[in-house]
Amino acid sequence: MSSQEVLLARQPIYDKKLNIVAYELLFRGTNLDQADVSDGDYATSRVLTNAFDNLNIDDVVGEQRAYINFTRNIILSPPPFDPKKYVVEVLEDIKPDPEVLQALTTLKEKGYTIALDDFIFHEELAPLVELAEIIKVDLSLLTKEELENEVVKLKLHDVTLLAEKIETYEE
């Protein structure tokens, strides 16, 4: 495999009844064991290109939607793909500056679903919460008490919470 070849990984997202409701599409380069993402813009561009141009997105995710990580640059210059086929996943390192907030508002107005990835609530992130429909909470980053506090704060908003890094049925 050359250094320019990219593999696309898809990770199922389940509901409470363990039905697959979506897939997160992930960048994978030549090292299959880890993402090895040193350039987020490149990784997201490759995922989008592979899923929508090189492959048929319906073959990749079927009737489900694809969750795709968006960097700041991709948020500011989004691809023109069908908003019903994917969820814009705002990465945790993106700051809610006026440019980002305007771009996300425009995406939402065009029918895109906005999700916040690996989210932990801080007051300065409230504008992102107002734009989001889905908030992904990484269970491995929080104690049980911290998780409970996070859920209390986030449930004040009209959002769907999605748990990540669930490794066992008990979790």
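Trainee: Is threonine 113 buried or exposed?
Mentor: Buried. This is a predicted model, and threonine 113 comes out at 6% relative accessibility. The cut-off for buried is under 20%, so threonine 113 counts as buried.

Trainee: Which strand is threonine 113 in?
Mentor: Threonine 113 sits in strand S5, which covers residues 113–116.

Trainee: And what does the side chain of threonine 113 make a polar contact with?
Mentor: With the side chain of arginine 65, at 2.6 Å.

Trainee: Which residues is threonine 113 in contact with, leaving aside neighbours within four places in sequence?
Mentor: You'll find Arg65, Val87, Val88, Glu133 and Ile134 there.

Trainee: OK, over to strand S3. How many of its six residues are buried?
Mentor: Five of them. S3 runs over residues 65–70, and with five of six buried it is largely enclosed by the rest of the structure.

Trainee: Which strands is S3 joined to by bridges?
Mentor: Strand S2, residues 20–28, is joined to S3 by four bridges, and the two run parallel. Strand S4, residues 86–90, is joined to S3 by five bridges, and that pair is parallel too.

Trainee: Give me residues I can click on. What stands opposite isoleucine 68 of S3?
Mentor: Leucine 25 does. For the S4 side, take asparagine 69: its bridge partner in S4 is glutamate 89.

Trainee: Switching to helix H4. How far apart are its end C-alpha atoms?
Mentor: They are 16 Å apart. H4 has 12 residues, 98–109, and at 1.5 Å a residue it should span 16 Å, so the two values agree.

Trainee: Which residues of H4 are buried?
Mentor: Val100, Leu101, Ala103, Leu104 and Leu107. Looking down the axis of H4, the buried residues fall within an arc of 165°, so they line one face of the helix.

Trainee: What do those buried residues pack against?
Mentor: Helix H3 (72–76), S4, S5 and helix H5 (126–131).

Terms used. Residues numbered from 1 in each chain as written. Predicted model: local features only at pLDDT ≥ 70, side-chain atom pairs only at ≥ 80, totals over all residues. Heavy atoms only, no water. Buried < 20%, exposed > 50% of the residue type's maximum accessible area, 1.4 Å probe, protein only. Polar contact = N/O pair within 3.5 Å; in protein donor to acceptor, adjacent residues only side chain to side chain. Contact = heavy atoms within 4.5 Å. Pairing = 2+ DSSP bridges. Expected span 1.5 Å × (residues − 1). Arc of directions from axis to C-beta.
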